[in-house]
Amino acid sequence: MRPAGTGPGLPEGKDRDLDGLLALVARGDEGAFARVYDQLAGPVYGLVRRVVRNPAQSEEVAQEVLLEVWRAACRFDPTKGSAATWVMTIAHRRAVDRVRSVEASAEREQRIAQPIVHADDVASTVEASLEAERVRRCLDGLTELQRESITLAYYGGYSYREVSQLLSSTLGTIKTRIRDGLIRLRDCMGVS
Amino acid sequence: MRLSRADLHALTGAYAVDAIDDEPERERFERHMRRCQQCAGEVRDLTATATRLAFASSRPPPPDMRGTVLALVSQTRQLPPVVEHRGARSSAARAAWTGRFPMLSYAFAAACVGVAVVLLVVLIGTRQQLGRVQARNTALTAVLNAPDSRAVTQTTNDGGHATLVYSLRRHAMIFTSHGLPPPPPGKVYELWLIGPPHVRPAGLLGPGEAGRAGPILTTGVIKGDEFGMTVEPAGGTRKPTTTPILLIPLRA
């Protein structure tokens with residue numbers, strides 16, 4: 001297992017920086033928070049936008065996430081993972097909460113009606129970056145079912161039950177594909 | 001549905017990407033993870049892997065978001081750290097003190113009683129008020145510190161911003177707002193808890209409170225409630241009579 005505090009999200013040095021900044025944020029340092037914002041607002045907004053899609057709602061959710069980072073900074077535990085991972089976990093959870101809360105509405109039906117996520121657009125609408133390129137290469141190395149399961153679950157915000165329905169596979173298969181797909185991604189991206 | 005250990009273990013990936021939407025199932029997995037170090041380690045790695053997917057979709061946020069977030073930050077109190085109870089230590093210290101200077105501590109105690117009596121007389125008039133303020137502060141702190149407390153900020157239909165901090169476990173929420181336009185003459189903003197059993201009034205914003213209001217503490221929040229805000233005649237109503245300008249589901 002990888003040593004505490006070195007996350008995979010960013011080059012290690014930058015990640016350490018973030019861990020340190022978050023410790024300052026926990027003590028109420030607004031300047032440190034502004035630096036955390038500058039490093040993470042893009043990834044937070046980009047992820048939320050991919051899941052939520054609606055720009056106004058995405059902005060609201062992204063704001064909520066960043067405010068939560070400020071509010072709960074002292075609850076960040078570097079022994080459980082990097083600061084980047086902590087923040088992006090909050091972002092993903094909030095984005096997923098937002099799309100699931102409109103479950104019964106027409107918006108949701110529309111989301112379900114059109115399979116909106118393609119592995120192809122993983123990097124097409126985002127800032128071109130080496131990281132995106134590397135992630136895309138690693139996604140390309142997965143089987144189609146692994147890739148689709150992970151993309152729908154992570155970027156689409158679908159539960160594994162919904163993914164199993166969308167891909168007409170059993171629950172057990174989807175569960176396993178998400179897991180072994182992520183493990184393969186981990187190894188491909190050198191997370192460990 | 002009973003899940004075997006192997007079934008539970010296979011959920012590490014789905015858990016890492018928040019794809020378990022069935023709450024009992026998620027709780028069962030979390031319980032399992034507390035005992036299964038291997039699962040916890042795997043979840044940690046796979047969550048970190050998912051973070052890479054997040055960074056791959058980075059995108060410049062709207063330019064005015066930075067100012068908004070930094071302004072909100074300067075108005076938002078942070079959660080306190082989780083601390084261990086110090087009760088044991090302080091009672092040991094007290095024992096050492098009284099052991100060494102028994103007479104002094106009796107004299108001190110007597111003096112304290114005297115002071116307390118004087119203070120009691122002086123404070124008797126304001127005690128009740130103080131008690132109310134303290135109770136309110138305690139209640140506010142309890143919501144902010146609740147392990148399940150969540151903060152949600154949302155824009156109202158008329159362009160204001162409302163922030164709710166709530167805890168379903170404490171059955172309470174705190175409402176604050178800024179940038180709300182003044183309500184039309186003779187009207188007020190009214191807050192509601194909209195629940196499956198019924199709709200309950202949850203407080204009024206006075207006419208002067210439109211710009212910046214709160215914190216308003218409301219108790220009796222239950223699972224499944226939705227928070228709402230409407231414009232109502234001055235004095236408030238028993239039930240909402242207009243379309244809500246803000247609706248926030250209070251999710252666990």
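Me: Among the elements of chain B, which has the lowest mean pLDDT and which the highest?
Reply: This is a predicted model, and pLDDT is the predictor's confidence in each residue, from 0 to 100. Chain B averages a pLDDT of 80, and 81% of the residues score at least 70. Where pLDDT is low, the predicted coordinates should not be read in detail. Among the elements of chain B, the lowest mean, 50, belongs to helix α6 (residues 87-100), and the highest, 96, to α2(B).

Me: What ipTM does the model score?
Reply: Two scores are given for the model as predicted. The pTM is 0.59, and the ipTM is 0.83.

Me: Which element gives the largest share of the side of chain B that touches chain A?
Reply: In the contact between the chains, 50 residues of chain B meet 71 residues of chain A. Two or more residues of chain B's side come from each of α2 (12-16), α4, α5 (65-74) and β1 (150-155) of chain B. By class, this side has 15 polar, 8 charged and 27 nonpolar residues. The largest share, 14 residues, comes from α4(B).

Me: Are α6(A) and α4(B) parallel, antiparallel, perpendicular or oblique to each other?
Reply: The axes of helix α6 (residues 130-140) of chain A and helix α4 (residues 37-56) of chain B come within 8 Å and cross at roughly 125°. An angle from 65 to 115 degrees would count as roughly perpendicular, and one over 145 as roughly antiparallel. The helices α6(A) and α4(B) are therefore oblique.

Me: Which residues of α4(B) make the contact with α6(A)?
Reply: The crossing of α6(A) and α4(B) is left-handed. By class, their contact has 5 nonpolar and 2 charged residues and no polar ones. From α6(A) come A:Glu131, A:Ala132 and A:Val135, and from α4(B) come B:Arg52, B:Leu53, B:Phe55 and B:Ala56.

Me: Is A:Arg177 buried or exposed?
Reply: A:Arg177 is part of helix α9 (residues 171-189) of chain A. A residue is buried if 20 or more other C-beta atoms lie within 10 Å of its own. Because A:Arg177 has 27 C-beta neighbours inside 10 Å, it counts as buried.

Me: What distance separates the C-alpha atoms of A:Arg177 and A:Arg147?
Reply: Not counting residues up to four places away in sequence, A:Arg177 touches A:Leu145, A:Gln146 and A:Ser149. A:Arg147 is 30 residues from A:Arg177 along the chain. The C-alpha atoms of A:Arg177 and A:Arg147 are separated by 8.4 Å.

How values were computed: Residues numbered from 1 in each chain as written. Chains lettered and ligands numbered in written order. Predicted model: local features only at pLDDT ≥ 70, side-chain atom pairs only at ≥ 80, totals over all residues. Axes fitted to C-alpha atoms, helices over the stretch in contact; angles between N-to-C directions. Helix = DSSP H or I, 4+ residues; strand = E, 2+ residues; numbered from the N terminus. Parallel < 35°, antiparallel > 145°, perpendicular 65-115°, else oblique. Left-handed = near helix turned anticlockwise from the far one by under 90°. Contact = placed C-beta atoms within 7 Å. Nonpolar A, V, L, I, M, F, W, Y, C, P; charged D, E, K, R; others polar. Buried ≥ 20, exposed ≤ 12 C-beta atoms within 10 Å, placed from the backbone.
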